[in-house]
There are 2 protein chains.
Amino acid sequence: MGQNVAQKIISEHLVSGEMTYGTEVGLHIDQTLTQDATGTMVMLELEAMGLDRIATDVSVQYVDHNLLQTDEKNPEDHLFLQSAAQRYGLWFSKPGNGVSHPVHQARFGRPGATMLGSDSHTCAAGAIGMLAIGVGGLEVAMAMAGDPLYVSMPEIWGVELTGELPDWVSAKDVILEMLRRHGVNGGVGRIIEYHGPGLKNLSAMDRHVIANMGAELGATTSIFPADEEVRRYMASNGREDEFREILADDDAGYDVTDSIDLSSLEPLIAKPSSPANVVPVREVAGEEVFQIVVGSSANPGLRDFAIVAEILAGRQTSDRVSADVNPTSREIFEDMAKGGWLFDLISAGARIHQSGCMGCIGMGQAPATGRNSLRTVPRNFPGRSGTDEDSVWLCSPETAAAAALTGKITDPRNLDMDYPQLALPEKASVNTAMLLPPLPVDEARQVELVKGSNIESLPQFDPLPDSLELPVLLKVGDNISTDEILPAGARVLPYRSNIPKISEFVYTQVDDTYATRAAENQGGHTIVGGGNYGQGSSREHAVIAPRYLGLRIVVAKSFARIHWQNLANFGVLALEFDDPADYDKIQSGDTLKFEDLRTRLPDTDEVSAQLGDSSITLRHRLSPRQAEMVVKGGRVAMAAEKQGEPGKVADSMS
Amino acid sequence: MGQNVAQKIISEHLVSGEMTYGTEVGLHIDQTLTQDATGTMVMLELEAMGLDRIATDVSVQYVDHNLLQTDEKNPEDHLFLQSAAQRYGLWFSKPGNGVSHPVHQARFGRPGATMLGSDSHTCAAGAIGMLAIGVGGLEVAMAMAGDPLYVSMPEIWGVELTGELPDWVSAKDVILEMLRRHGVNGGVGRIIEYHGPGLKNLSAMDRHVIANMGAELGATTSIFPADEEVRRYMASNGREDEFREILADDDAGYDVTDSIDLSSLEPLIAKPSSPANVVPVREVAGEEVFQIVVGSSANPGLRDFAIVAEILAGRQTSDRVSADVNPTSREIFEDMAKGGWLFDLISAGARIHQSGCMGCIGMGQAPATGRNSLRTVPRNFPGRSGTDEDSVWLCSPETAAAAALTGKITDPRNLDMDYPQLALPEKASVNTAMLLPPLPVDEARQVELVKGSNIESLPQFDPLPDSLELPVLLKVGDNISTDEILPAGARVLPYRSNIPKISEFVYTQVDDTYATRAAENQGGHTIVGGGNYGQGSSREHAVIAPRYLGLRIVVAKSFARIHWQNLANFGVLALEFDDPADYDKIQSGDTLKFEDLRTRLPDTDEVSAQLGDSSITLRHRLSPRQAEMVVKGGRVAMAAEKQGEPGKVADSMS
């Protein structure tokens, strides 16, 4: 049997394992992408592991998430990222150059390449036949250092597209239809591969919309073939020489299948506050609208802005609507100016914002409480807009434009006008002046990292001692989320480059004495948890910060997958009760004693803890490789050893 | 002797007093302007005084200061302001429509009219022959209610302009020359009137630059004649019918005189951190630059952006420079798009921001600590950019553009190019769709104020009781500033529409138990101060918030002028020691008893306070009108009575 597109790319990059669903495969990584919100920590990790020069073909540090610069912390993060990119050999995309995903696709995207990004929408590059996966920051750092990505082989889900989208219906409605059908977990453990005759009616940027929001389905990634349309797209960006055709073999198969007749779709909208609350726009028409936001990686193409401009051209937005438009990149911004669309938007009353993520991640242009905000962004989780009790809807640019005109949710087919026929330029603007290339190695080695007062190096974590006597500083219940371990929000986020500072916020919502008690307890401590410990957001800080405060071991009934990996990555031993009933035996304030950890861990999964006179049986689920990592103090320490700087770690051994 | 322009307008608006320097005159006010940072309190004051409909010809509520919308508070302020404008009969300029001063001048400016604005740069409208004065919020509220402005008659300072500006030198350099010569207090108590043959070489928007920054000289206002250039300007804005020529009489005189030969000027720059630290650019050339910011009411004209665009056109900004451009208004934004200048700016690497004040008032785009930021804005006070230890320089658009290209402070005359010759359109874009007109009275009366959870009505303050027995909750020393009474900054400012909340911050930097103790002390209290009590910023909140906490009387050695007026406006009795040595007799915790206040105040300036067995002689400096105001609980209470809503006040009498 032939191969589909995903299988072709995976097999070309396979360094370990076999392409059997559910088994671990190791994949060589060609490219990485980091953005500012996660990138500062990634750069601190590169520093901590003593990396000299990245090993990937292309790695790019973007600045797109936080551009508000309300005080010095934010611009100092930008300076730090620029210096780190220079030091380690990355490209640097200056603030204002645009959102990582569309910029990366246009300037660096290469069919058949693999990419990791410390951003969940990294998958967007699947639009041009890349295998692009969003992961945690340390995974990206390790890929830059040359490590493969180890991942459980996903199912390949073939979605066949037929037909052609009707007027007033666009790519966003396709992915909203997927979410309507399958919900936010529909893609978990799967790569979604789109194929079929309907593809010829979807541009590369249309495909970007669809691939991008595969993240909302929970998919590992999404992928499209690299076909003639991708060739055209790359040629329009001046990069046809890097095009390579990758099509599924005629006899390729898929593990799961589905199909969508594009001609049957109508304008859709996701109601507050989940991307999967999808209904036809007509069903909710008439609701008053306070704001529209057009932009983000979910509708980033020139087309997405031009269609809004042509719908609004010569008209005025409703008195009660704030029409916020942030062009995705400065190249698209240029094309909007050149084509007259920018003029149309300004004249119609749009508020034009600098190129970046903005409303997509709640960095500015938050709506009023309970007022409807229609956005072309990918997510509408509660509060993500920056407003606690928000009411955010997800829709196509056409549906957003219609609401801007009428001040109400409006099926755009009911606007009294013909569907605009866009004449987009054959050649896209190419302007790379804000993309600073990597420095030559010799120059790079001279670069000092520029650390503002809020940027602290990643703390060095010492190896796991052979025996530990640890007080239980906290005992918590089931389903503790990483938001409870380390809150997000405007109060805490500015300190994401500063582990000592951010550690003051650990567990404040659960027990605001924890951070102080932990810091006072120099000998380390343990936390006891219930089931599904560490669910939710993947943030590494929820491990790094408590580890900084002295957390050595977490004992729980069970762990959430990503948090478990993060604990191991940073040298915190995660142990599960062999008998969950033992959870009740331990109280906050008790002391647990562990012996022979360094010797036992690699050999057996059983660890016993001494509680007073009795012994409790615990188990870890570490592979021998992972056990070695924990013993050595975590993945950064292990990588530092590999980079020839073991001294950094040895010095701090206790 | 003939009259100068200022005298002509004052005499036309005189309702009391005579035009003799230093004596009080009452002036009829034709127009008002409020912006969002001060306007929410002004609207709450209109509500508190029970106003039905404004009495001015034109009043406009702008939203330009805070457009970041990092959470729901900011957009809810916007909704509140829109509803209040509708309720009371104001125009409403939507967020994104632009900075108040240039928009007001273009759309509502009328030669010969008087205007008050709750913004210190209101004086900019002097560019077209208006008498426009920046004042505190309550003064503006009272003008809307129909009250005259009472002000001490200023000196008229005639500044004769001759010659023509050389290439690479522009209007900003003229006002920087004034600041170089006269410093930040050079204009105090004066109206600056520009005249002379050099005027014919300065456009109305050039004059706006100069008039605007008269505020930095401390001037009451600045004024230019309404000449043929003003006619041309108004015609280009489609409003020639509202033009009226106002020229100084041939034999007009001035109280003070100065002159500037425009042809002798060179590019100037104000070093950190005062607008008066002015030196030639060439003297500081070569310093590394991190950022330029182009925009604000100090360089708001299309010309100011077009010249930057033409200097940058086809070139690229330096790798180390962030080039932040925020078009002043959406009309200018339109013209920038139409003329191709927006394209040039984007292509050269500028970050384009929505129309508003932004970097001028530290609402976004803050620089990194200690890094040089060259800005076309009017002020560079320490920390005003949002960064505590900032390094902000003030310069012309030409000088900012030169720095963007080279990454260093650069005399623009040393750029290797000819000075661009601009071809500006004869007709400016006129687009008033984001300026919502006042509602008809009947409709207006139906409007409910939209108050988000952070917007609280102005508390009602009861009349002054006849006798009071007040504990001294705080005793402070000399020169207490309003910043110490009520801090500014990102932590406190968001609560400016919420007196109960903001009152928690009163005196936190001096004694953080004060607010709690005051709130617990239901019967009211007094504060004892030294000399120059209440210096600094004019903020009304430094009176309203402690009054809300129960402050009834302040006893001090002396008071700063504006704070003294604010105390009277909000019904707090300001008393000065007859013998300053008595200051030492009173301690925190003592009790002061006052008798016969209501009867004595209007008749005599002497008040005695009983301290234990002894009596201390104190004096107020209230006029009979002001004494009546304090007795009635302040100016809002008095106005409420006048508006026929005395019940609102009587209800709360104690």
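Visitor: Leaving aside neighbours within four places in sequence, what is Gly196(B) in contact with?
Guide: In this predicted model, Gly196(B) is in contact with Glu160(B) and Leu161(B), once its neighbours within four places in sequence are left aside.

Visitor: And where does Gly196(B) sit in chain B?
Guide: Gly196(B) lies in the loop between β10 (190–195) and α7 (204–212) of chain B.

Visitor: How many residues apart are Gly196(B) and Cys395(B) in sequence, and what about in space?
Guide: They are 199 residues apart in sequence, and their C-alpha atoms are 25 Å apart in space.

Visitor: Turning to helices, at what angle do α19 and α21 of chain B pack?
Guide: Helix α19 (residues 561–569) and helix α21 (residues 624–631) of chain B pack at an angle of about 55°, and their axes are 8 Å apart. That angle makes α19(B) oblique to α21(B).

Visitor: Which residues make the contact?
Guide: From α19(B) come Trp564(B), Gln565(B), Ala568(B) and Asn569(B), while α21(B) contributes Gln626(B), Met629(B) and Val630(B).

Visitor: What is that contact of α19(B) with α21(B) like by class?
Guide: It has four nonpolar residues, three polar residues and no charged residues.

Visitor: Now the two copies. What rotation superposes chain A on chain B?
Guide: A rotation of 180°, with a shift of 0.1 Å along its axis, superposes chain A on chain B with an RMSD of 0.2 Å. The two copies are therefore related as by a two-fold rotation axis.

Visitor: Which C-alpha of chain A is nearest the axis?
Guide: That of His353(A), which is 2.5 Å from the axis.

Visitor: Over to chain A on its own. How many residues of strand β23 are buried?
Guide: Strand β23 (residues 551–556) of chain A is mostly covered, with six of its six residues buried. Five bridges join strand β22 (residues 525–529) of chain A to β23(A), and the two strands run parallel.

Visitor: What stands opposite Ile527(A) in β23(A)?
Guide: Val554(A) is the residue opposite Ile527(A).

Visitor: Last one: how many residues of helix α4 in chain A are buried, and which?
Guide: Eight of the eight residues of α4 (residues 100–107) of chain A are buried. Among them are His101(A), His104(A) and Arg107(A).

Key:
Residues numbered from 1 in each chain as written. Chains lettered and ligands numbered in written order. Predicted model: local features only at pLDDT ≥ 70, side-chain atom pairs only at ≥ 80, totals over all residues. Heavy atoms only, no water. Helix = DSSP H or I, 4+ residues; strand = E, 2+ residues; numbered from the N terminus. Contact = heavy atoms within 4.5 Å. Axes fitted to C-alpha atoms, helices over the stretch in contact; angles between N-to-C directions. Parallel < 35°, antiparallel > 145°, perpendicular 65-115°, else oblique. Nonpolar A, V, L, I, M, F, W, Y, C, P; charged D, E, K, R; others polar. Least-squares fit on C-alpha atoms with pLDDT ≥ 70 in both. Buried < 20%, exposed > 50% of the residue type's maximum accessible area, 1.4 Å probe, protein only. Pairing = 2+ DSSP bridges.
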